[in-house]
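Hi,

Here is the structure I promised to hand over. Please open it and keep it beside this email while you read my notes.

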Amino acid sequence: MVSDADVVDFSQIGRHKATALTILAVAALYYATARLGLLQQLVRGQVTPLWPPTGIAVAALLLFGARVWPGIAVGALAVNISIGPTVPSVLAIVVGNTFAPICSYLLLNRAGFHNGLDRLQDALALVFLGALAPMLISATIGSSTLLLSGVLPASGFWPTWSVWWTGDAMGVLVVTPFLLVVRWARWPRGVSAMIWVEAAALAACTLTVTLLATNAGSSSLLFLVFPFLIWASFRFERAGAAPCALGVSTLAILASGRMTGPFAHQDLLTNMVTLQAFNGTVSLTALLLTAVVTERNRTHGEIERLCAQLSDAVAHQNDGSRRGTPPDA
């Protein structure tokens, strides 16, 4: 006969096993996306304007809780151990890469963040409390570590810091919303063919305009993408806005890494300021518009539900009056 204690032990083992597998999955995704991010490195083979692992780390913490933080640390250690100057420097960088997403998670929890990104305050919280502010920690720790270890000259501190901060912040702004949307996304059923045609047209237009803008010489052309972000937000809400923002930001980052188009003939710090301003505006526009549209649609649905209830109550009252019975009978 199996006792109650044995059942509890088995359930605890199952929970621990699931947690361990989740931690390993987070570490593996962190490492794999870090190797992709390093293809665009701009400083010393390890500082890149897009660091997807940070977005994965924040999304994992939001979805699975603080218990998965060892996966972030293990992934960061596996990446940095082969490119860091010294073991103490690697450990310091790993601390910064782990602590910054944890701070994002704690700040977002404190602000009452919803993973559905269905409120205006959620969009604002993700931008300022999830991306811009906490990533100052990783950028400062990482750049200071490289400076103190002697592999970075004093003149290179601020350009390196700007690339580091841009990469981590962009990872949260473009990757985290996409992962949160993918988690609840389901294949739509009963959608007309015209909706699919419109979605394909949106994707093609966004890609074409972004490619043209990132290969043109003027940075003002970058803002031609915003009508398409607005289109995606109003017509497809989160399912359309998040992928569009991810695609636009990725193409802009690739252009900045090649220093082509609007990023040509500029120094590294200027390019990072331009890139951060552009991608921050892209993410903020997509997140805010999507939140506003989602709130509007939710309010519209609630009004329709209340009107239906009121109509049923009036119809019930009229039926009772015709039968000569009191309304409350």
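The largest nonpolar core has 73 residues, and L62, L108, F113, L126, F278 and V282 touch the most other members. Such a core is a set of buried Ala, Val, Leu, Ile, Met, Phe, Trp, Tyr and Cys residues joined through side-chain atoms within 4.5 Å. Helix 9 (residues 226-258) supplies the largest share of this core, 13 residues. Helices here are DSSP runs (H or I, at least four residues), numbered from the N terminus.

This is a predicted model: local features need pLDDT of at least 70, side-chain atom pairs count only at pLDDT 80 or more, and totals for chains, interfaces and linings use all residues. Residues are numbered from 1 along each chain as its sequence is written, and side-chain values use heavy atoms, without hydrogens and water.

Look at F113 next. Leaving aside neighbours within four places in sequence, F113 is in contact (heavy atoms within 4.5 Å) with L62, L108, R119, D122, A125, L126 and L180.

Now A286, in helix 10 (residues 268-322). A286 counts as buried because its relative accessibility is 5%; buried means under 20% relative accessible area, exposed over 50%, and partly exposed in between (1.4 Å probe, protein chains only). Not counting residues up to four places away in sequence, A286 touches S233, A241 and A245.

Finally, L129 lies in helix 5. L129 is partly exposed, with a relative accessible area of 30%.

Best wishes

Methods: Helices (H or I, at least four residues) and strands (E, at least two) are DSSP runs, numbered from the N terminus.
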